[in-house]
Amino acid sequence: MRFSFIFPPLFQNLRFQMKYQVETQALPYSTIILHCLKYPSKGVFGLLIGNKKGDKVTITGCVPLSHESTPLAPPLELATSLVHGKFGASLVGVYFSNSTPSDTSLNVYATRLADRISNVTSSPAVLVQVMNERLVSDCEQDRLVAYEKDGESWKEAKTIFQGSNFLRGLQAVIRKKLYRELADFENHLDNPEFDFYNTNLSNKLVQVAEFRS
Amino acid sequence: MFSKLIQEFFPRDMTTETDWTQISFEEGRQTLKKWRECGVRRSEEVVEIWEHVISRSSASLGDERWAVLEQVCIAALDSARVDLAQECIDQLHAQFPKSNRVLKLKAMQFESTEHYKNALEIYDRLVEDDPNNNSYRKRRVAVLLAQGKRLDAIKAINDYLKIFLNDPEAWLQLHELFLQENDIAKAVHCLEECVLIQPLNSMYFRRLGDLRYTQGGAENIDYARRYYERALKINPTDLRSQYGILLSNNQIASTTKNAAEKKKAGLAAVEAIDELVNRYQKVSPQNNPESDGILNCLEAMKVTVGSK
């Protein structure tokens, strides 16, 4: 994107020959944002659940994993095998957010985990990054940016954003401070009473925000 | 890092959230005290307790009031409540006009508005004034971290550790920075220093296990297993160490060529699964409706591990 001024508009479409279009549904979108809000001073990681139809990836759920920028292999391996056991091929990718607001770089721990998931499911995984600077409450923009693997590097994929339908609901959820009830896999390891699939929270989210799935 | 502490302080049902705006004055005072002492970062809740409960009759706190104001000020800065932070600083400044501690809060206020240069000027002055107070030096590192200057921060912590060698918090921060630099060997070294300082803290052993496991290779996995065993001995209820024992033994069982070693590791892994199953059977399905699913996964794992 940085170089867009160099290329005449004609070439712009050529530069972005993207394979995937990624759409994140209201519930996982909100859960990811809540995960960030629960740990405002930290980076977060999680797994994405969804389906692939042709070139379209629809994210239908997510599983929050950890709230550190450098998660180590053991908890990630465990969580991946548990989630893969439960969802199988519906495990489609990874989401993450960096710990400082202006840092938009790709976290190597995230790309590594995404590569691992590609191996486990033998299908290319997508990577979704939260743009921290867009986390302010009245932001109408898509806060998520998706990436797909292109050879050895990751490049931006197209996202489909239907936020206008659910941002109001998400705001109601944030006002109710429901992010405090979110649990990630690290919380679960601290105390197994915490459900890192967030079953109860998801029900509440649907109720409060009146999401239509 | 503080999760264990939180668990100690809140042993009752942790999965239901307390409404901090509805607690009694005494409960609020006690909670703030606990959080102050264990240094847990729950800024938003601190502000809530202050605004809804304590501030209404803060005079009855007596001398504790100043410590609370300092705590609330930092929490307010952390949760972007500029107005409240200013209020706290004004009150503290009126009471202690020449205090360095209040000056530090002002510097932190500069940090929160990204005026890093002004903040650093104050910290430099404070360090000069009181070279033995490590908190000012730590703030200088925090400024570097906030700006994303990772390598400068590593250098600054190294300088700091030349003076304050026995500060586990600094070693932990350094270990995290090395991890971000992808240098696990150096991160391991930092954790080993932590173990030397606090040999009975199970978290350090467990973390060392995690690091060695991440490094991989037969020797490291063996180290990892021993670290996990040690961590579990110190803290027998630690779920992470139990999982660590399962993972490392499983890894050994599937890679080693030594038949006796393979068998031993396989048995240890099965034993770890049994312990985990025990633990999960006590989980209330109301709090965690997915615990049954995890139990099934563990049972399935037991079959595959057992067949090795």
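Predicted model: local features only at pLDDT ≥ 70, side-chain atom pairs only at ≥ 80, totals over all residues.
## Helix 3 of chain B

Helix 3 itself covers residues 43–54, and its buried residues are B:Ser43, B:Glu44, B:Glu45, B:Val46, B:Ile49, B:Trp50, B:Val53 and B:Ile54.

## Chain B as a whole

Chain B contains 16 helices and zero strands, and the domain assignment divides this chain into domain 1 (1–97), domain 2 (100–199) and domain 3 (211–308). Between the centres of domain 1 of chain B and domain 3 of chain B, taken over C-alpha atoms, the separation is 40 Å, while the C-alpha atoms of the whole chain fill a box of roughly 75 × 45 × 30 Å along the principal axes.

Of the 308 residues of chain B, 34% count as buried. Among the contacts in chain B with a separation of 6 or more, 47% are accounted for by residues 24 or more positions apart.

## The side of chain B that touches chain A

The two chains meet through 32 residues of chain B, which are in contact with 25 residues of chain A. On the chain B side, at least two residues each are supplied by helix 1 (3–9), helix 10 (168–180), helix 12 (202–215), helix 14 (239–255), helix 15 (259–281) and helix 16 (291–306). Helix 14 of chain B provides the largest share of that side, with five residues.

In composition, the residues of chain B that touch chain A divide into 12 nonpolar, 13 polar and seven charged.

## Chain A as a whole

Chain A has seven helices and eight strands. Its radius of gyration is 17 Å, close to the 17 Å that the globule rule gives for 213 residues, so chain A is as compact as a globular protein of that length. Along the principal axes, the C-alpha trace of chain A spans about 55 × 35 × 35 Å.

Of the 213 residues of chain A, 44% count as buried, and residues 24 or more positions apart account for 65% of the contacts in this chain with a separation of 6 or more.

Strand 5 of chain A, residues 126–130, is largely enclosed by the rest of the structure, because five of its five residues are buried. In a regular strand the side chains alternate between the two faces of the sheet. Here A:Val126, A:Val128 and A:Val130 point one way, whereas A:Leu127 and A:Gln129 point the other way, and all of these residues are buried.

On the parallel side, four bridges join strand 4 (residues 91–97) of chain A to strand 5 of chain A, and within this pairing A:Phe96 has A:Gln129 as its bridge partner.

A:Ile174 is found in helix 5 of chain A and counts as partly exposed, with 16 C-beta neighbours inside 10 Å. Leaving aside neighbours within four places in sequence, A:Ile174 is in contact with A:Leu37, A:Ser137 and A:Tyr179. Its C-alpha atom is separated by 25 Å from that of A:Gly93, a residue 81 residues apart from A:Ile174 along the chain.

A:Lys177 is placed in the loop between helix 5 (167–175) and helix 6 (185–190) of chain A. Although A:Lys177 is not a glycine, it has a positive phi of about 60°, and with 17 C-beta neighbours inside 10 Å it counts as partly exposed.

## A positive phi in chain B

Most residues other than glycine have a negative phi. In chain B, B:Glu114 has a phi near 65°, a positive value in a residue other than glycine, and this residue lies in the loop between helix 6 (100–112) and helix 7 (116–129) of chain B. B:Glu114 is exposed, with 11 other C-beta atoms within 10 Å.

How values were computed: Residues numbered from 1 in each chain as written. Chains lettered and ligands numbered in written order. Domains from an automatic or database assignment. Buried ≥ 20, exposed ≤ 12 C-beta atoms within 10 Å, placed from the backbone. Pairing = 2+ DSSP bridges. Contact = placed C-beta atoms within 7 Å. Nonpolar A, V, L, I, M, F, W, Y, C, P; charged D, E, K, R; others polar. Rg over C-alpha atoms; globule rule 2.2 N^0.38 Å.
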